[in-house]
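Open the model in your viewer and keep the selection panel at hand. The stops below go from the ligands to the core, and then to the confidence values.

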Amino acid sequence: MIELVNSDRCIGCDICVKVCPRDVFDSGDDGLAVIARKSDCQTCFLCELYCPVDALYVSPHAEQDDEVDSEQLIAQNLLGSYTRNMGWSRGKMGGTDKDPTRQLRILNRVGREEQPTPQRQLL
Ligand code: SF4
Ligand code: SF4
């Protein structure tokens with residue numbers, strides 16, 4: 001279940017708001033993501049996978065709330081660990097050309113300076 005948005009890392013890109021299939025997140029008044037409907041989370045990890053700055057933590061425990069501490073998660077290198085375990089890295093664009101969430105990342109130009117353009121990736 002989604003447990004944490006690290007507000008120090010969140011850049012307010014709204015990708016998690018858009019990719020979550022259960023509409024768990026809202027964009028807060030400060031533009032940062034907030035967990036608005038936690039009990040609707042289906043523990044699919046999509047938000048953690050697509051967050052460009054590793055600001056989210058989804059616990060593998062789908063049926064229970066876990067007590068998590070942001071600093072502890074950072075110290076244990078757990079923020080973004082699902083993404084890394086899936087073989088994604090922040091230096092390359094995730095997904096395929098037919099993946100709409102990949103297109104969202106391109107449109108939002110999130111982390112563009114760190115990522116190759118789609119054209120270059122296809123070469
Ligand atoms: S794990 Fe899935 S359902 Fe839960 S908040 Fe993230 S994207 Fe939404
Ligand atoms: S995807 Fe990450 S950086 Fe973007 S709004 Fe959500 S938590 Fe913040």
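For the ligand shells, Ala, Val, Leu, Ile, Met, Phe, Trp, Tyr, Cys and Pro count as nonpolar, Asp, Glu, Lys and Arg as charged, and the others, Gly among them, as polar. A residue is near a molecule if its C-beta atom, placed from the backbone, lies within 6 Å of it. This is a predicted model, in which local features need pLDDT of at least 70, side-chain atom pairs count only at pLDDT 80 or more, and totals for chains, interfaces and linings use all residues. Residues are numbered from 1 along each chain as its sequence is written, while chains are lettered from A and ligands numbered from 1 in the order in which they are written.

Select ligand 1. Its shell holds 13 residues, with C20, V24, C41, C44 and C47 the closest; ten are nonpolar, two polar and one charged.

Move to ligand 2. Here too 13 residues surround the ligand, and the closest are C10, C13, C16, A33 and C51. This shell has eleven nonpolar residues, one polar and one charged.

Now colour by secondary structure. Helices (H or I, at least four residues) and strands (E, at least two) are DSSP runs, numbered from the N terminus. The chain has six helices and four strands, in the order β-α-β-β-α-β-α-α-α-α.

Next, select the largest nonpolar core, of 21 residues. Such a core is a set of buried Ala, Val, Leu, Ile, Met, Phe, Trp, Tyr and Cys residues joined through C-beta atoms within 7 Å. Buried means 20 or more other C-beta atoms within 10 Å of the residue's own, with C-beta atoms placed from the backbone. I2, C16, C47, Y50, C51, L56 and V58 have the most contacts inside the core. Strand 1 (2-5), helix 1 (15-19), helix 2 and strand 4 (56-58) each supply at least two of its residues.

Pick C47. Leaving aside neighbours within four places in sequence, C47 is in contact (C-beta atoms, placed from the backbone, within 7 Å) with I2, C16, V19, C20, L56 and V58.

Then go to L49, in helix 2 (residues 46-50). Why is L49 buried? Because 21 other C-beta atoms lie within 10 Å.

Finish by colouring on pLDDT, the predictor's confidence in each residue, from 0 to 100. Mean confidence is highest in strand 3 (residues 33-35), at 98, and lowest in helix 6 (residues 118-122), at 45. Over residues 117-123 the pLDDT is below 50. Where pLDDT is low, the predicted coordinates should not be read in detail.

Definitions and conventions: A residue is buried if 20 or more other C-beta atoms lie within 10 Å of its own, exposed if 12 or fewer, and partly exposed in between; C-beta atoms are placed from the backbone. Two residues are in contact if their C-beta atoms, placed from the backbone, lie within 7 Å.
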